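Open the model in your viewer and keep the selection panel at hand. Two stops follow.

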Amino acid sequence: MSSDSASVRPYLASIRAFPLLSSEQERTLAEAYLRDGDVEAAHQLVTANLRFVVLIARRYTTSGARLADLIQEGNIGLMEAVKRFDPSRGVRLVTYASWWIRAYMRQHLLRSASLVRAAAGSDAFEGDLPLDGASEDLALAVAGESSPEDGLADAQEREVARRRITEALTHLDERERFLVGARLLTDEPLSLREVGRRFGCSQERVHQLQARAQRKLGVHLRAAELEVA
């Protein structure tokens, strides 16, 4: 087990104590929270699904993020999903929450400039790469064009997030946008070796390029937030 995984081992052990919910139990709790604002019901809905957050978080650790940080962000997404969940739609909470959990994790990956510890080196790029459409609209992958339930998530908030990310991505070059898409905005990120092979450069160089792309995105996303603060 890696040191990162070992550091969250006590947390993983603790969340196993929370029982999973049947469909009927989940519906009863969700209705209680929706109808009466029952905080204890919301707490049970969250804790019963914490293991699912961990499963999603593990997929993103190959992007250089710490598992603990991803879990923390995913838990925020889960809580947001619980606040918005409507059991009358006929879907389980875990289905609805997966969209929010991934969105919060992906925003964390984009905003964090310290995920890659290697220092940025020369701007010279080793080799060349035909990108073949890699610069498609990455903003939709983060903000989400729709939730799994065809728009249960608030459309106006998604549009604001989409505009901010779209604007931030314009400050990246094509290779940086490819890196963001291939390493940060996918459920199956390419490894450093795979990207290095495509770029014709070393894994260390890929680290450096990803660090630069994340710093640039972080600067522009934070600037966008300050404008509306």
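Helix axes here are lines fitted to C-alpha atoms over the stretch in contact, and angles run from 0 to 180 degrees between N-to-C directions. The model is predicted.

**Stop one: a helix pair**

Select residues 67–84, helix α6, and residues 93–111, helix α7. Their axes come within 7 Å and cross at roughly 135 degrees. Angles over 145 degrees would count as roughly antiparallel, and 65 to 115 as roughly perpendicular, so α6 is oblique to α7. Look at the handedness next: the crossing of α6 and α7 is right-handed.

Now show side chains at the contact. On the α6 side, select D69, L70, E73, G74, I76, G77, L78, E80, A81, V82 and R84. They meet L93, Y96, A97, W100, I101, Y104, M105, H108 and L109 of α7. Colour by class: the contact of α6 with α7 has 13 nonpolar, three polar and four charged residues.

**Stop two: an aromatic pair**

Across the whole structure, a search finds three aromatic pairs. Go to one of them, F178 with F199. The ring centres are 5.6 Å apart, with 45 degrees between the planes. That pair is tilted.

Are F178 and F199 buried or exposed? F178 is buried, at a relative accessible area of 8%. F199 is buried too, with a value of 0%.

Methods. Residues are numbered from 1 along each chain as its sequence is written. This is a predicted model: local features need pLDDT of at least 70, side-chain atom pairs count only at pLDDT 80 or more; totals for chains, interfaces and linings use all residues. Side-chain values use heavy atoms; hydrogens and water are left out. Rings of Phe, Tyr and Trp (its six-membered ring) pair if their centres lie within 6.5 Å; planes under 30 degrees apart count as stacked, over 60 as edge-to-face and the rest as tilted. Buried means under 20% relative accessible area, exposed over 50%, partly exposed in between (1.4 Å probe, protein chains only). Helices (H or I, at least four residues) and strands (E, at least two) are DSSP runs, numbered from the N terminus. Angles under 35 degrees count as roughly parallel, over 145 as roughly antiparallel, 65 to 115 as roughly perpendicular and the rest as oblique. A crossing is left-handed if the near helix is turned anticlockwise from the far one by less than a right angle, and right-handed if clockwise. Contact means heavy atoms within 4.5 Å. Ala, Val, Leu, Ile, Met, Phe, Trp, Tyr, Cys and Pro count as nonpolar, Asp, Glu, Lys and Arg as charged, and the others, Gly among them, as polar.
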